[in-house]
Amino acid sequence: MSIALLTEDEFLHNNRISQQQWQASLITWPTLKAIGLCHEQRTEALNLTAESYARIIQQCSHVHSVRWRVKNPQHLMEKIVRKTQPHSSTFKAKYLGINQYNYDEIVTDLIGVRALHLFKDDGLVIHDYLMNKWQYEEPPVYYVRSGDDEVFAVLPKDIKVKIHPARLSFATLCIW
């Protein structure tokens, strides 16, 4: 459904946001909807940008495959509601004052690009390749399988490590 046709009640229902959560958030429906509309209009351009990043990343010979996504406008709106609830564990002060003109400076995961690799040691080569191409907004995340403890010892300090249930190890870089 287009954001233009979306009502406040439909949005709250679709995203399982209670009235209590909605009232606790420090954002209005007109502002939130304006952000959603703006993002919806930019989605095609962001997809082209993500595809361009993916093509560059795929040039690294140690990358098996690359996946990307552009954040869905309603998911973006739901995230903003979560981040603007002052007494919640997800509250982020930087989201206060967010609007359709500045949301793309505040939200750092409008585009997500994931480089997958088959061998553990490839992760460090890919990391170096990516760091030579871009500066990151947030530290890269290196997902490892449970039991891959030896990987932690050799990773650069700027990489966040998380355990992932999938069989493959992969790195995620947020550059937008």
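**Legends to close-up views of a predicted chain**

The chain exposes about 10100 Å², of which carbon and sulfur atoms supply 51%; accessible areas follow the Shrake-Rupley method with a 1.4 Å probe, and for residues only the protein chains shown count as cover. This is a predicted model, in which local features need pLDDT of at least 70 and side-chain atom pairs count only at pLDDT 80 or more, while totals for chains, interfaces and linings use all residues. Residues are numbered from 1 along each chain as its sequence is written, and side-chain values use heavy atoms, with hydrogens and water left out.

**View 1. Overall arrangement and confidence of the chain.** The chain contains seven helices and five strands, taken as DSSP runs (H or I of at least four residues for helices, E of at least two for strands) and numbered from the N terminus. Their order along the sequence is α-α-α-β-α-α-β-α-β-α-β-β. The mean pLDDT, the predictor's confidence in each residue from 0 to 100, is 88 for the chain, and 89% of residues reach 70 or more. Confidence is highest in helix 4 (residues 73-83), at a mean of 98, and lowest in strand 5 (residues 169-173), at 48. Of the 176 residues, 44% count as buried (under 20% relative accessible area; exposed is over 50%, and partly exposed lies in between; 1.4 Å probe, protein chains only). Among contacts (heavy atoms within 4.5 Å) with a separation of 6 or more, 67% are between residues 24 or more positions apart.

**View 2. The aromatic pair of F11 and W29.** Three aromatic pairs are counted in the structure, where rings of Phe, Tyr and Trp (its six-membered ring) pair if their centres lie within 6.5 Å, and planes under 30 degrees apart are stacked, over 60 edge-to-face and the rest tilted. F11 and W29 form a tilted pair, with 5.6 Å from centre to centre and 40 degrees between the planes. This pair links distant parts of the chain, since F11 belongs to helix 1 (residues 8-14) and W29 to helix 3 (residues 29-58), 18 residues apart. Both F11 and W29 are buried. Ring pairs join F11, W22 and W29 into a cluster.

**View 3. The aromatic pair of Y53 and W134.** The ring centres of Y53 and W134 are 5.1 Å apart and the planes stand at 90 degrees, so this pair is edge-to-face. Y53 lies in helix 3 and W134 in the loop between helix 6 (122-133) and strand 3 (141-144), so the pair ties together parts 81 residues apart in sequence. Y53 and W134 are both buried.

**View 4. S25 in the loop between helix 2 and helix 3.** S25 occupies the loop between helix 2 (19-24) and helix 3. S25 counts as buried because its relative accessibility is 6%. A polar atom of the S25 side chain lies 2.7 Å from the backbone oxygen of W22. Not counting residues up to four places away in sequence, S25 touches V81, T84 and Q85.

**View 5. K94 in the loop between helix 4 and helix 5.** K94 is located in the loop between helix 4 and helix 5 (103-106). With 45% relative accessibility, K94 counts as partly exposed. The K94 side chain reaches the backbone oxygen of I106 at 3.1 Å. Leaving aside neighbours within four places in sequence, K94 is in contact with I106 and T108. The C-alpha atoms of K94 and K83, 11 residues apart along the chain, are separated by 8.8 Å.

**View 6. Cysteines C38 and C60.** C38 counts as buried at 14% relative accessibility, and C60 counts as buried at 5%. The structure holds zero disulfides, defined as pairs of cysteine sulfur atoms within 2.5 Å.

Notes: A polar contact is a pair of N or O atoms within 3.5 Å; within protein, one must be able to donate a hydrogen and the other to accept it, and residues adjacent in sequence count only if both atoms are side-chain atoms.
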